[in-house]
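Let's take a guided walk through a protein model, one piece at a time. Keep the sequence and the 3D view side by side as you read.

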Amino acid sequence: MVMEEKPKKLLILYASETGNAIDAAERLGREAERRGCPVLLLSVDDFDPSSLPDQEIVIFVVSTTGQGDNPDSIKVFWKFLLQRNLSQNWLSRVSYAVFGLGDSSYQKYNFVAKKLDKRLSDLGATPMVERGLGDDQHPSGYEGALDPWMSTLWKALYQKDPKLFPKGPELMTSNMTLMDQPKVQITYHDVAEGTLNFSSIPDVKLLEMQIESTRFVLPGKLSGKCSPDCFLKMVKNDQLSKAGCGKDVRHFEFEAVSSTIEYEVGDIVHILPGQDAAAVDAFMKRCNLNPESYIRVQLKDNKENEQGYDLRNTLKVPVRLKTFVELAMDVASASPRRYFFEVMSYFATAEHEKERLQYFASPEGRDDLYEYNQKERRTVLEVLEDFPSVQMPFEWLIQLVPPLKTRAFSISSSHSTHPNQVHLTVSVVSWTTPYKRKRTGLCSSWLAELDPQKGVLIPAWFQKGSLPSPPPSLPLILVGPGTGCAPFRGFVEERALQSQSGPTAPILFFFGCRNEENDFLYRDFWLFHSQKGGVLSEEKGGGFFAAFSRDQQQKVYVQHKMREESFKIWNLLSEGAAVYVAGSANKMPSDVLLAFEEIVSKEGGVPKEAAVRWLRALEKAGKYHVEAWS
């Protein structure tokens, strides 16, 4: 009797920070399965790197974060690949493909995908196709590159091993056959069973349990540490910018409620925002959900044991359905993914709606979908209201509605100066879409509307950012236009405190904004520390320099002020200063780097190429740090 050969699974490994790489990897997996190829889809940190040489074919989908940084999930894997004892033919039996997700407005565009591609090749692996680079700036987002790249990949895979696609790389099974298995299972409990568990639990503990019990459903490692580090309550909400100037920048102060806060200057806090109550109610009504029912959600284990459930991925206690939506599902801020429209098409009963949804989900409709959905930042609720005949089961909604993500903010206080407090400097985000619809940032708007008197509990997670806390003996050159000044407020507070008990190194700080009158953030604070004996004073070898870009005919930015102070900058660099840059990711970081290159070349008397190498060495030595956001 001949044993039937078990079909090989195509291994797809992803490393995601915000969820886009997970979406792209899942899409690759679905498309492979439609061609008859079974898939094993894993987060890179669930894969043992020492078994990489045993794989015949591996597909990598990796995002780049910040200034060319690795997502957390790939850090251990990458460290393993960099080991010196790995030979040049360590991966000689492995064929691979890399697709990267990035944003070309950043200096180190798709840096993680590029270096992973090079390292795999250096270790002897064979690329099956040229690496694909998805770009957020493309009119269709990363999918503009993913679609053609996938098409090339299927042909290359078929050429390498025709058994992967039994009927060829183009022939696809009906999507309907893949439609019957959402990844989650819901058990409904009666109200008495749900409320019984919570009657005697304090508010903070209850919220912590609810967060822990809902956020595990976030895909991959997005959920991070489910339980918050602490809960904050707002004690101050001040507007820093002048009212009516077109910008709304706030100074927020929070105190820890549940436990003590621990952080260093330069760290980041992640906040889970609240959602608009009316929008959550409208979503419930539109989807025919009973907000008062209690549910237990199980995430089906999609690894080797298709039938089993991963016990880690089970609600510990039944939770109110409305609470689940509020804490885990972004119904009124994030735009749904392309797959959402595809699944909707199966549940549409009106023919014209079904046709439009199928078109949106097709390669031909990609650009029109981008116009309708991402460009307009259409929300899940708006999309569902546009297609009234669609009634999706709650299991599918849990799987496909974008997860409610935490928002990251640079901390603008020193823990030593403000024990048990954390301060933030936040620009309230608002914009107009191409069709003139007003949009606001979920978290910044929610924070701006919070009343400190109400004592709302805010879940918070702390983590290291790109700006390490400097020792008092290290001279600093800080560049922070706009809200980029936030972390440096903490730096200056800390150094001012340190200077009371011993000598500290000088600080040069370059700040920029539009108008001195409208958005000179923390003006009195900077000027106070620039006075005689202050840590930003000339007397201490430091300095504070502000560029007001719109206060004269010719625009003046931080890089112009830097060039004016090139002698001081060079002197401090010669004394071993570290450079810290924070603010908008747009052009600022590259303009500032260019200014540094010119200063090193001019004051150091070296050619431009040598100045570029000098600054690269400074970065490698851990003395040139950038934290930028878009």
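Start with Gly 512, which stands opposite Ala 547 in strand E21. Strand E20 (residues 507-513) and E21 run parallel and are joined by 6 bridges; two strands count as paired if DSSP finds at least two bridges between them. From E20 the chain crosses through helix H16 (residues 523-530) to E21, and this β-α-β crossover is right-handed. Right-handed here means that, with the strands pointing away from the viewer, the path from the first strand over the helix to the second runs clockwise. The names themselves come from DSSP runs, numbered from the N terminus: helices are H or I runs of at least four residues, and strands are E runs of at least two.

Before going on, note that this is a predicted model, in which local features need pLDDT of at least 70 and side-chain atom pairs count only at pLDDT 80 or more, while totals for chains, interfaces and linings use all residues. Residues are numbered from 1 along each chain as its sequence is written, and side-chain values use heavy atoms, leaving out hydrogens and water.

How many residues of strand E21 (residues 543-548) are buried? The count is 6 of the 6, so E21 is largely enclosed by the rest of the structure. Buried means under 20% relative accessible area, exposed means over 50%, and partly exposed lies in between (1.4 Å probe, protein chains only). In a regular strand, the side chains alternate between the two faces of the sheet. Both faces of E21 are covered, with Gly 543, Phe 545 and Ala 547 buried on one side and Phe 544, Ala 546 and Phe 548 buried on the other.

Another covered strand is E15 (residues 421-427), where 6 of the 7 residues are buried. Its partner is strand E9 (residues 249-256), paired with E15 in the antiparallel sense over 7 bridges. Here you can find Arg 250 opposite Val 426 in E15.

Helices can be enclosed too. In helix H8 (residues 321-328), 7 of the 8 residues are buried, so H8 is largely enclosed by the rest of the structure. The elements that its buried residues pack against include strand E7 (184-189), helix H6 (203-214) and helix H7 (277-286). In H7, Ala 279, Val 280, Phe 283, Met 284 and Arg 286 are buried, and what covers the buried residues of H7 includes H8, helix H12 (380-386) and H13. Just after H7, Asn 288 takes a positive phi of about 55°.

Now look for aromatic rings. The whole structure holds 28 aromatic pairs. Rings of Phe, Tyr and Trp (its six-membered ring) pair if their centres lie within 6.5 Å; planes under 30 degrees apart count as stacked, over 60 as edge-to-face and the rest as tilted. Phe 99 and Trp 149 form a tilted pair, 5.2 Å centre to centre with 50° between the planes. Phe 99 lies in strand E4 (residues 95-102) and Trp 149 in helix H4 (residues 143-160), so the pair ties together parts that are 50 residues apart in sequence. Both Phe 99 and Trp 149 are buried. What kind of pair do Phe 341 and Tyr 372 form? Their ring centres are 6.2 Å apart and their planes are at 80°, so the pair is edge-to-face.

Charged side chains make links as well. A search of the whole structure finds 36 salt bridges, each a side-chain nitrogen of Lys or Arg within 4 Å of a carboxyl oxygen of Asp or Glu. Arg 27 and Asp 147 meet in one of them (2.9 Å, N to O). Arg 27 is in helix H1 (residues 20-34) and Asp 147 in helix H4, 120 residues apart. Asp 147 also meets Arg 366 in a salt bridge (3.0 Å, N to O). A network of salt bridges links residues including Arg 27, Glu 143, Asp 147, Arg 338 and Arg 366.

Finish with Glu 353, in helix H10 (residues 351-361). Glu 353 is buried yet has no salt bridge, and the nearest side chain of opposite charge, Arg 286, is 6.3 Å away. For charge, Lys and Arg count as positive and Asp and Glu as negative, while His and the chain ends are not counted.

Conventions. Contact = heavy atoms within 4.5 Å.
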